Amino acid sequence: MTSTTCPSWCHSDHPEGEPEPIRHFGPHWPPMRGEDRFSADVAAMKNELGDVGVWLSADHAEFLTPVHARSVARALLAAADWVDDNRNT
């Protein structure tokens, strides 16, 4: 259930009865997976302070091939552009 306090772009599945969601996730870019357990996820989100930005989840101390680095870079740039275009919606 999505709370009525969600931004119009919120894709989060907020738990029933949650009084005030603290985070809102917007669009997610396709997760990047590769050899050697490489994993990275990129999304737009609104944090606990009300700031809209880019969310990145990746394994720490990850070795990236050039292909992986470009995939993550493209997703981060696309997410940053989306945030710039949708910050106030």
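Residues are numbered from 1 along each chain as its sequence is written, and side-chain values use heavy atoms, with hydrogens and water left out. Because the model is predicted, local features need a pLDDT of at least 70 and side-chain atom pairs count only at pLDDT 80 or more, while totals for chains, interfaces and linings use all residues.

The chain averages a pLDDT (the predictor's confidence in each residue, from 0 to 100) of 82, and 85% of the residues score at least 70. Helices (DSSP runs of H or I, at least four residues) and strands (runs of E, at least two) are numbered from the N terminus. Confidence is highest in helix H1 (residues 66-86), at a mean of 91, and lowest in strand E2 (residues 32-33), at 76. As a reminder for reading any such model, where pLDDT is low, the predicted coordinates should not be read in detail.

Strands E3 (residues 39-46) and E4 (residues 52-58) run antiparallel and are joined by 7 bridges; two strands pair if DSSP finds at least two bridges between them. Within this pairing, Ala-44 has Val-54 of E4 as its bridge partner. The hairpin has 5 residues between the strands, and Gly-50 takes a positive phi near 90 degrees there.

Leaving aside residues up to four places away in sequence, Met-32 is in contact (heavy atoms within 4.5 Å) with Phe-38, Ser-39, Ala-40, Val-42, Ser-71, Val-72 and Ala-75.

Since Arg-23 lies in the segment before E1 and Glu-48 in the loop between E3 and E4, the pair ties together parts that are 25 residues apart in sequence. Arg-23 counts as partly exposed at 39% relative accessibility, and so does Glu-48 at 44%; buried means under 20% relative accessible area, exposed over 50% and partly exposed in between (1.4 Å probe, protein chains only). Ser-12, found in the segment before strand E1 (24-28), is buried at 12%. A polar atom of the Ser-12 side chain lies 2.8 Å from the backbone nitrogen of Phe-25.

Note on methods: A polar contact is a pair of N or O atoms within 3.5 Å; within protein, one must be able to donate a hydrogen and the other to accept it, and residues adjacent in sequence count only if both atoms are side-chain atoms.
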